[in-house]
Amino acid sequence: MNETRRLKLAELGVVLGVVPDVFLCCASFEARSMSVPRALAHLRIADSIVFANTESAESVASFEYLATLLGPRGRHVQLALSDPLRCADALYGAVLHTVSSHGRHYLVDITTFTHELLLVLMRVLQLVLSDKDRVHLVYTTAAEYSVGDEPGSKWLTKGIGEIRSVLGFPGMMLPARKLHLVVLSGFEGERAERVIDQFEPDRISVGVGAPESSITSDHYQINQALQSRLAAKYPAVELFTFSPSDAFQTQQAVLRQAGRFPNHNVAVAAMNTKVSTVGAALAALGDDSIQLCYATAHQYNVANYSSPGEDCILFAVTLKTPVG
Amino acid sequence: MPEPSPESHNPFAVQTPEGIRAQDVVSLFVDVFTDFFNIPKIGHTFLHGPRGSGKSMMFRYLEPDCQCLALQKRVPDLPFFAVYISIKNTDLKLTELQRLENKHSALVLNEHFLVVHVAVKLFASLLKVDLDDCGVTPDQIRSFYQKDLKRLLRRAGWQGDLTEIPENADIAECLRFLQEMFNDQQAAVISYLRRLSFSESPVAYSGPLCGYLDFLLPLIRALKALPFMPRGPVLLLMDDADNLNKTQTTILNSWVSCRTQADVSLKISTQLNYKTYLTATGQTIDAPHDFSEVNISAVYTSMKRKYFERVSEIVLRRLRMNEINATPDEFFPPYEEQEQKIKEIGEKLRKEWEHSGRGYRASDDVVRYARPNYIASLQGIHKSGSTYKYCGFEQLVHLSSGIVRYFLEAASLMYGEMQAASGSNMVNRIDPDVQDRVVREQATAFLFSEFDRWSSDESDDDEALNNTRRLRNLIRALGGTFHQILLSDASERRVFSIALSEDPDPDVLEVLRLGVRYGYFHQSTIGNKEGTGRTRLYVLNRRLAPVFTLDPTGFVGYKFVTNGILREAMEKPTTFVGRIRRAGPDSVFESPQMPLFGGEDAL
Amino acid sequence: MDLEGKTLRDWLADAPKHQFPGGGAPDYWKRFEALEDYLNTYVHKHVTAGAMIADGGYLTDHGPDHIRTVIQRASDLARSPHFTLTPYEAYLFLAATHIHDVGNIFARATHEITSEEVMEKLGLLLGEDRVEQIAIHSIAGAHGGTIDGDKDKIRRLAPEDYIMGATIRPRTLAALLRFADELADDRSRAARFLLELGKVPKSSEVYHQYASALHSVVARVPGDTVELRFSMTKDDACRTFGKGSDQVYLLDEIFERAVKMHRERMYCMRFLRPEISVERIRVKVEVFGPKFSGTPKVIPFSLEEAGYPELPGRTIHALCPELTDHGFGGEINGAALHQVLAKGDA
């Protein structure tokens, strides 16, 4: 059942019903990295894993807080984001360590994993877990992004560093075919434009958050502005909508859009919420020909990236049988 | 990029050359090979230039379908057969390949991956042209497959049966069959790589392995023996080779080190981010021994007239193709009131030259000082200088800073705005206000794509400094400085460049390199201060002129700087600019004896 | 390296399993044994005959004895105190040694290449990993011939590479094989019975006489020297032997082959130094009376790189052909450059 629920963080423990066996989260410079762990601290989950980017001082600070919060039951796994292979091996090893023949209930706070790590984690869960395991994903919404900045000046990241395929999702990029790039655009339209410029695809599909499912109405307006700018720069770009708050709807939207141009290689860049990124992962898990890619940034708005909201989005995913 | 819909066709829409039809390429293409004469000739060549500088268009034009149209020749009569091999960002540089590094023969597997990619593109090129009247029959292609290709595949380790080309296949079907075979091979490699994703130990590979010398080269030679192929070399046009991983780059360099030019010449384009010049066996390849090298930015930054002529031709062709009967100057008119005022200032300078002139001729003073004086006069009235209008074809060309795409992108946005404002599909000119607004927006977007915006009350001590922050500060400092020089009484006020008066320290060089990579500087060399050799020259991208209110039409001015000056600019930009404002640029910089380009700087 | 008095083959047999990729699975020694057994039984003894059928000549022996000799020579060289080989490298080397001449079955001229067809036939005897097979083939293939007209095949191999998680040195292994093969031409290769009966085909006579005359090859690796000892009778010294369509003296053939060995030494040492260093070849030719009686006349000589490297007749233009036509209308030199610059054509 592909049910997605939006609820208050304070209700999360109650709504879950049973205490999860395994909790996974990622420390970050964002305060949101602490929202779900705080909300669930009283549950004393038996097996908790905190991942942290050792290359960021701010992440290390959050990591230490979370380590303290989760207490001696918590395991700490360090990641170096500039080395995707080592990160993947660390994720794989950490998840493998939690496996039991009886099946376990996993809860993953996806809020502050990087998009790339989250995608890799989805593949790891698919490979490692069995059909006896249950997986819930939870995402803390943001009250505001680029806190305090005017709408026209908001920024989350600057610059595009490297663009790479995500480990586990190489797709099937055949040289005889042309490239169809699907971008799930988020807050940063300029970033989407630059990713498009770097790829120089033959076909472009840009997904914008649907108004009824945008996280906030401000986000929707920002997306609208992007839409107009992209249409001006790339006259033949195809626009489609997806749901930033519903992974399954996003999954269907991505699959539908990917199928718009047969005999094209499809690369998907998920640059919206982590929920929609999970949607992209679900699409690619079900269709091996879809490549997922990730663009690193030169700079992050570490000081004012976001402020945590009071709500979260909770949904269960099934990873062992073909999805979609 | 895909083609725009016909009803809203924008003559300046930027399209990926790969997707443009041959007829359109031949119509649009302006012959630049007199500027870059090595490219269509035998021999390996590297072609460097930022995105949008015209590399892909050159390559597209060299493809046989375009050449047949342009030269009005059949394929066998062409001087060469070019195979366009675009390397998209994540085509070949799959993250899974990193599993092989230092573990399991990264070299042979990456080479196989690259060779198969090239082979598919080779047959794609053949499929694009009409071979029906070139003296080749399907049986000859079958024979090539039976005698040559099968043997090469077996030698490469192909196990199992090799299916036959269908009996009644025509030439195109035969070629498509062969292309699909390589496509399938590529799929097999990707399937193998998928197994590597989460495997820490090596995974055995049992498929064939094709190398350049033992497979691709003999394959191309065998193809060349067929009657439809030209006698000249096969040019492998590797577009955007920056998108190869490091191992693939060393492999490509190994190909360059082979003396195969008579049969296969490699033409490799990069966006100035090529990973290494080492070969797979640890040697270096060098220009001019192993290859010739062209840097488009360097050519067009120094050959200003040439670039202007190129852009004029490009624009004229696009206008004509869209039945717009205007010259580029007419289509992009300047702001008449502004030009009139500049003209009046120029006349005044001409009259005063005999008594107080500084240039060799009166016209020198007009060129050097009329526009800067105008900008300075606006400063006095409006305290910001922001009413100077960047418009007129000449200014727009200068602002594009040697990169055609910058011009076309801006023009495309301008055209779109005019269409929207007029409600009509046909636009016959771009209003100066629209020109000015678009280039200002583009300049701001360009600058702040990498940096967060600075504020006027930002302190020098506010942020921790990394290289990105240093670069931001440096650009802010230099832009502010160049503006101060423009307003000053200096003999040369249109300064856009800095030259290093000493060897740069590693930390300074790192920031400058970053600036070149991001496109904020072009790098070149110039005679050093002492006249004993050459030193590095960094030219600020003219696209940034509107941000700092600079005159983009001047090429001549540059200043010598030391490491200390640059470091100060990187660490304390506001203090730096403040000092220049108070004490003048000569308190910090030393002016060169000689101008950049022999004194003549008017178009 | 200390081979404990064994050849590389026997040393491989005793190498600990955990030192191979996979830590013992597959069992590389067993794989090598199976390969060796198959080739010795079904292939090697036919190599010489196969080439004769293909070519019409009569090669010196390229069968199991020759392989053994190559391994012996390589083992002698490997005993250099500064040289090391991992067990996996030894496996690759020995596998390459076994296949390096097998292409002779098809044709002498390009036998390095057609070894691939034999490799294909060997199938899983060489393991299932194609990359490993290619590595073996590349090492074997570098022992002669050209790639695209270039004889410098060893340089095209990587100095270091990785297979199945293990580091290998393809250049080193190829150079070791190539030089060991060069040293492996001795009496055991000659078809002596046929020689004595005068039944060796005329075109191949001198090859067999050469091999028959070469009775001792010793690689003194601490000592940097290879010693060759030839002995012949006066009768053999005074007559000519068939070589293709020509007739040559045995001593001249010895000289020619010594020069070739010297060239091979210089070439291979480029890739073997500093771990293995052979700096000279010392040759002693003894000419005895009939039936090798009496006191021999001795002709000793040494081939080594000594003295200042003169390049008689080798100007910069001969060494660098690219300078003969520089677009200035001919050979570029100071005067030509001056002329061009003065005209303002630069």
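How many bridges join strand β9 of chain A to β10(A), and do the two run parallel or antiparallel? There are 5 bridges, and the strands run parallel. Keep in mind that this is a predicted model. My notes follow, chain by chain and then across the chains.

1. Start with that strand pair in chain A. Strand β9 covers residues 178–184, and β10 covers residues 203–209. If you want one pair of residues to look up, take L181(A), whose bridge partner in β10(A) is I204(A).

2. β10(A) is well covered: 7 of its 7 residues are buried. In a regular strand the side chains alternate between the two faces of the sheet. Here R203(A), S205(A), G207(A) and G209(A) sit on one side, while I204(A), V206(A) and V208(A) sit on the other. Both faces are covered, with the residues on either side all buried. Do note that R203(A) is among the buried ones.

3. Now the domain layout of chain A. Domain 1 is made of two stretches, 4–146 and 305–317, and domain 2 spans 157–300. Taken over C-alpha atoms, the centres of the two domains are 24 Å apart. The contact between them draws on 25 residues of domain 1 and 23 residues of domain 2.

4. On the domain 1 side of that contact, β1 (4–8), α4 (84–96), α5 (115–128), β6 (134–145) and β15 (306–317) of chain A each put in at least two residues. The top contributor is α5(A), with 8 residues.

5. F23(A) has L107(A) as its bridge partner in β5(A).

6. On to chain B, where the domain assignment gives domain 1 as 29–302 and domain 2 as 454–603. Their C-alpha centres lie 42 Å apart.

7. Two strands of chain B deserve a look: β6 (residues 495–500) pairs with β9(B) in the parallel sense over 5 bridges. S497(B) stands opposite Y558(B) in β9(B).

8. The axes of α4(B) and α8(B) (residues 246–257) come within 9 Å and cross at roughly 75°, which means the two helices are roughly perpendicular. From α4(B) the contact uses A106(B), L107(B), N110(B), E111(B) and L114(B). From α8(B) it uses T247(B), Q248(B) and I251(B). By class, the contact has 4 nonpolar, 3 polar and 1 charged residues.

9. Next, where chain B meets chain A. Here 44 residues of chain B are in contact with 41 residues of chain A. On the chain B side, α4 (106–128), α6 (171–196) and α15 (404–422) each supply at least two residues. α6(B) has the largest share, 7 residues. That side of chain B divides into 14 nonpolar, 17 polar and 13 charged residues.

10. Last, where chain C meets chain B. In this contact, 19 residues of chain C touch 26 residues of chain B. From chain C, the elements giving two or more residues are α5 (111–122), α6 (130–141) and β1 (161–163). The largest share comes from α6(C), with 4 residues. The chain C side has 8 nonpolar, 2 polar and 9 charged residues.

Notes
Residues numbered from 1 in each chain as written. Chains lettered and ligands numbered in written order. Predicted model: local features only at pLDDT ≥ 70, side-chain atom pairs only at ≥ 80, totals over all residues. Contact = placed C-beta atoms within 7 Å. Nonpolar A, V, L, I, M, F, W, Y, C, P; charged D, E, K, R; others polar. Domains from an automatic or database assignment. Pairing = 2+ DSSP bridges. Axes fitted to C-alpha atoms, helices over the stretch in contact; angles between N-to-C directions. Parallel < 35°, antiparallel > 145°, perpendicular 65-115°, else oblique. Buried ≥ 20, exposed ≤ 12 C-beta atoms within 10 Å, placed from the backbone.
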